[in-house]
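Dear colleague,

I am passing on the structure we talked about, and I would be grateful if you could look through it before reading my notes. The notes follow directly below it.

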Amino acid sequence: MINEMDNYEENIEDIEKRLDEILGGIGHKLKSFVGGLGGNKYTDSDARGSDVKINKDYQGYVASSGSDSEKKAVSGKPGLYKVGENYAKKVDDSLAPFLAFEVDEKETELKGTLVHTSNQEKAEKINSSIGWLFKGDWKAETLGLTATKRKARGAIKGKLVTFRGEWLSGAFMGVFKGGAITGGQMVDGYYLGSSDGYKIEPWDFKSGGSSIGSGFVMGLRMAKENTKHKKLSIIQVKKGLQIKILDNNDVEHLLKIDKGVDYDSLNMKINGVDVSWELYNRSSGDFEKSYINVGSNFDIPGLINIDKGVQSIEVKTSDYEEKESETEKGKESSSEKEEVLSKLILKTKIKGFGTTPKGYNIDLNNDKELSEKVSKFIEDIDSEKFFKYINFFKRLSNEGRIDGYGNYPALAFIYPKQKGEAFKDKDAERDRVMSYFSNFRQQVINNITADNISQRYMDSIKKEINAKPKVKKASKKSAKKAGTKLASPKNVAKAAMKESFYKSDLKLSISNIVKKII
């Protein structure tokens, strides 16, 4: 027998309340499954759910044109169901019609109990995506079907197979609600099992979602608030907490988990930036990049890059900075507190960089040091020093000294998915200007509360850097300076008369010329 969940029962009530959110709102039947986990009986009415019409249609078909074996199959309840080379003790009525069961007399004799075997050819004609159940290696207590639909590779008519048992190998593409998964991979799968039921590697969970109600995710214990760690994966931190990282230069970095791994999806959102699970699910090496390790560097492309080494790791609550600032109240004067910015106000007239008179909201979390750095950027923009740096950045790019984001992933918005090659060569000037705009991204843009305004600044910087040089047209004034006199109609007439006069009088004597003039 497969071990039941140890401490999972205490989380059942909370999960049951939230199950309508899982997979877009799995309804009656999946709630009944959870009720079963808590000790409540799973009834035939629960199994039938909203699939009564399907069952009647199937039974009608069997009665009129089904094989003798199929007729026997719908007339009684077997002791075992066989799917491929696998066995299930129970298959809910919601799923059975899609598996085209027939009475298997050979298996019945062999097992000593009535066995219904799925006709794979017929089942795949009904729904081709059901093939994963036949290819996998497993043994199940129960198989069922969700009540609501969701797009997934292993779905049957848009609904997902629910599984309770032991999955041994192959791609699991349903809702794993109890037992153990000891081999294979999860692909568009949803793990709702116990903490000790997840036995595969984290990177073998390719896509889908995972409940964290047991206090574990992919076999790893979830981090608790106000705890210190030597090694911590970002998937171990749930929504609403923050990761405080101190680097070896005593600079503090905060990662706010806006969305962690959960039953909805494995993708995360940190400091307002979407972090795809695909960064970590390809191999053990890729998953290792999800870890923050004391003594090592750490980065998330486009979000954070700690290249001075990590000194300490601590998980904090969402109000961590607010509490810190409260303890400093006695040390700060009221004028000092006012210096922390709450608005980004720029007076520059350069298109794409100015602000409204009231400015834009910027959240610096009462960090005076960060406020001072942002103030310096504001000063640079208003004095147009900022745009000189943009021109210098552009010049280095034209020279081939910058050909991607290199060692500054915060600049990936300028060079999407392009790390380049030039960064491998030492270049102090290049590193200074790239560091400047990397800091602008992290210290200013990332702290603007309105996402559309943050995006506008990134678009404006990218546009300025990629802009082609303007070719000036020659003005009338410059044409004159160049020795080109623009001729008016009057001047043209005078010149023609003068030319005619001299041409006609070239052969005249001096006396005749004098007479002509007089």
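What is the mean pLDDT of the protein chain, and what share of its residues reach 70 or more? This is a predicted model, and the mean pLDDT of its protein chain is 80, with 72% of the residues reaching 70 or more. Over residues 1-54 the pLDDT is below 50, although this stretch still has 95 contacts in the model beyond near neighbours in sequence. The pLDDT is also below 50 over residues 482-486, a stretch that has two contacts in the model once near neighbours in sequence are set aside.

Turning to the chain as a whole, the secondary structure comes to 19 helices and 25 strands, and of the 518 residues in the protein chain 44% are buried. The protein chain exposes about 28500 Å², of which carbon and sulfur atoms supply 49%.

Helix H13, which covers residues 368-382, packs with helix H15, which covers residues 428-443, at an angle of about 120°, and their axes are 11 Å apart. H13 is therefore oblique to H15, and the crossing in which H13 passes H15 is left-handed. On the H13 side the residues that meet H15 are Leu370, Lys373, Val374, Phe377, Asp380 and Ile381, while on the H15 side they are Tyr436, Asn439, Phe440 and Gln443.

I also looked at two aspartates. Is aspartate 286 buried or exposed? Aspartate 286 lies in helix H10, which spans residues 284-288, and because its relative accessible area is 16%, under the 20% cut-off, it counts as buried. Leaving out residues up to four places away in sequence, aspartate 286 touches Leu279 and Tyr280.

Aspartate 319, for its part, is found in the loop between strand S23 (310-316) and helix H11 (320-327). With a relative accessible area of 28%, which falls between the 20% and 50% cut-offs, aspartate 319 is therefore classed as partly exposed. Aspartate 319 and glycine 240 are 79 residues apart along the chain, and their C-alpha atoms are separated by 9.3 Å.

Note on methods
Residues are numbered from 1 along each chain as its sequence is written. This is a predicted model: local features need pLDDT of at least 70, side-chain atom pairs count only at pLDDT 80 or more; totals for chains, interfaces and linings use all residues. Side-chain values use heavy atoms; hydrogens and water are left out. pLDDT is the predictor's confidence in each residue, from 0 to 100. Contact means heavy atoms within 4.5 Å. Helices (H or I, at least four residues) and strands (E, at least two) are DSSP runs, numbered from the N terminus. Buried means under 20% relative accessible area, exposed over 50%, partly exposed in between (1.4 Å probe, protein chains only). Accessible areas come from the Shrake-Rupley method with a 1.4 Å probe; for residues, only the protein chains shown count as cover. Axes are lines fitted to C-alpha atoms, for helices over the stretch in contact, and angles run from 0 to 180 degrees between N-to-C directions. Angles under 35 degrees count as roughly parallel, over 145 as roughly antiparallel, 65 to 115 as roughly perpendicular and the rest as oblique. A crossing is left-handed if the near helix is turned anticlockwise from the far one by less than a right angle, and right-handed if clockwise.
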